[in-house]
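Colleague: I'm new to reading protein models. Could you walk me through this one?

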Amino acid sequence: MYFQESLAHQICDLINITWVTWLVSFLLLLPMVFYKIFIATDAAKTPAYINGFLFTTFFFCLLTLATVVKIRLLRGKLYVAVNRYLKTHRPDEMDEDSEDEDSDVDDLDDVEEPLQWWSDFMAWLMQFESLSVCFLLGMYVMHLTYNLKIYKDELSYGVWWYHLGFLVPLLFSLFVLFPLGLVELTTVQAFSAPDQEVLHTIVSEVRQAHTDLVFIQNKITGLTQGKAKTLLLNANGGDDTVKRMDLMSLLVSIDVHLTKERALGVFDLVDQEHEATNVTRGKTMQLKVKNCLEDAIDTQVPIDDLLDSARKAKMDGNQGKEA
């Protein structure tokens, strides 16, 4: 849950363009504007102008690829340091081979500060690269497609090769490299530079979810054995897996009324506790197909896991008192 909230926060930071990113982008655009106004005034130089855009496109794609590779290396360094830390604090799991293998690895405290600087820099670099790639894609759609159509006979290669040369690296950067880089970067940044607002949000959500699970347990305790599951199954059309967005309405059947956000918090907590798998075993083929289609658009957990989490929340004395 903390990682998911950190990833959402990271995406918001990527969208909120800072003045530094705008300034750097403006300075890098000046040579292109200068070339367009003062040099590329002759139509004969238009192919060179198009080739320059093509070179810039590939440059930013390779720069984004290098950024993702660097982030993956940082994540690997973090994982190795964490693994060494765990082995050091768990002597039972440490043997001579692992000690020799990790002898040249930095301690966790030694990598924490460099990772903080690198994660902040990589976050800014990905913001700059994403902005540049979006501008390049916009220039291709609104400007270069026209030039390719007009000057197609003067180009060194076929016009479709130019179209592929522009679209493939731009789309690959937007839909493959940036999502992958964001996930990897969040892994590093969530540890090295945790956001206090995200931490407090997760703590509040988990506490509220435990409180709601205790409330659900109190409701099902007043019912006869298996009555709660029967009511939930009937409300869910006989399906013993419930979708994330349907949990709020489903809990009404056992007289539990939660807001949408609180119901989602309960669902996420149950999902994280059980990591539900093989929930379609023993079902009819119709239900298996239905659940597979629903999995494509929403997450599901078994009703048994929901009831089990509620019982555990009640059975845990400390959590019950805090709730």
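Here are a few questions and answers about the chain.

Colleague: Is Leu115 buried or exposed?
Modeller: Keep in mind that this is a predicted model. Leu115 sits in helix H5, and its relative accessible area is 2%. Buried means under 20%. So Leu115 is buried.

Colleague: How far is Leu115 from Arg75 in space, C-alpha to C-alpha?
Modeller: In sequence, the two are 40 residues apart. In space, C-alpha to C-alpha, Leu115 and Arg75 are apart by 9.0 Å.

Colleague: And Asp109, is that one buried or exposed?
Modeller: Asp109 also has its place in helix H5, which covers residues 108–150. On the surface, Asp109 gathers with Asp110, Glu112 and Glu113 in a patch of negative charge. Its relative accessibility is 63%, and the cut-off to pass is over 50%. So Asp109 counts as exposed.

Colleague: What is the area of the nonpolar surface patch that includes Trp19?
Modeller: Trp19 lies in helix H2, residues 19–39, and it is exposed because its relative accessible area is 64%. Trp19 makes the patch together with Val20, Leu23, Phe26, Leu27 and Leu30. The area of that nonpolar patch is about 610 Å².

Colleague: How far apart are the end C-alpha atoms of residues 160–183?
Modeller: An unreviewed UniProt entry annotates several spans as "transmembrane region", including 49–69 and 160–183. Residues 49–69 are 100% helix, with end C-alpha atoms 30 Å apart. Residues 160–183 are 100% helix and 0% strand, and there the end C-alpha atoms lie apart by 34 Å.

Key:
Residues are numbered from 1 along each chain as its sequence is written. This is a predicted model: local features need pLDDT of at least 70, side-chain atom pairs count only at pLDDT 80 or more; totals for chains, interfaces and linings use all residues. Side-chain values use heavy atoms; hydrogens and water are left out. Patches are made of residues with over 30% relative accessible area and no salt bridge: like charges are joined within 9 Å, nonpolar side chains (Val, Leu, Ile, Met, Phe, Trp, Tyr) within 5 Å. Accessible areas come from the Shrake-Rupley method with a 1.4 Å probe; for residues, only the protein chains shown count as cover. A salt bridge is a side-chain nitrogen of Lys or Arg within 4 Å of a carboxyl oxygen of Asp or Glu. Lys and Arg count as positive and Asp and Glu as negative; His and the chain ends are not counted. The place of a charge is taken as NZ of Lys, CZ of Arg, CG of Asp or CD of Glu. Helices (H or I, at least four residues) and strands (E, at least two) are DSSP runs, numbered from the N terminus. Buried means under 20% relative accessible area, exposed over 50%, partly exposed in between (1.4 Å probe, protein chains only). UniProt positions are given in the numbering used here, feature names are shortened, and annotations may be inferred rather than shown by experiment.
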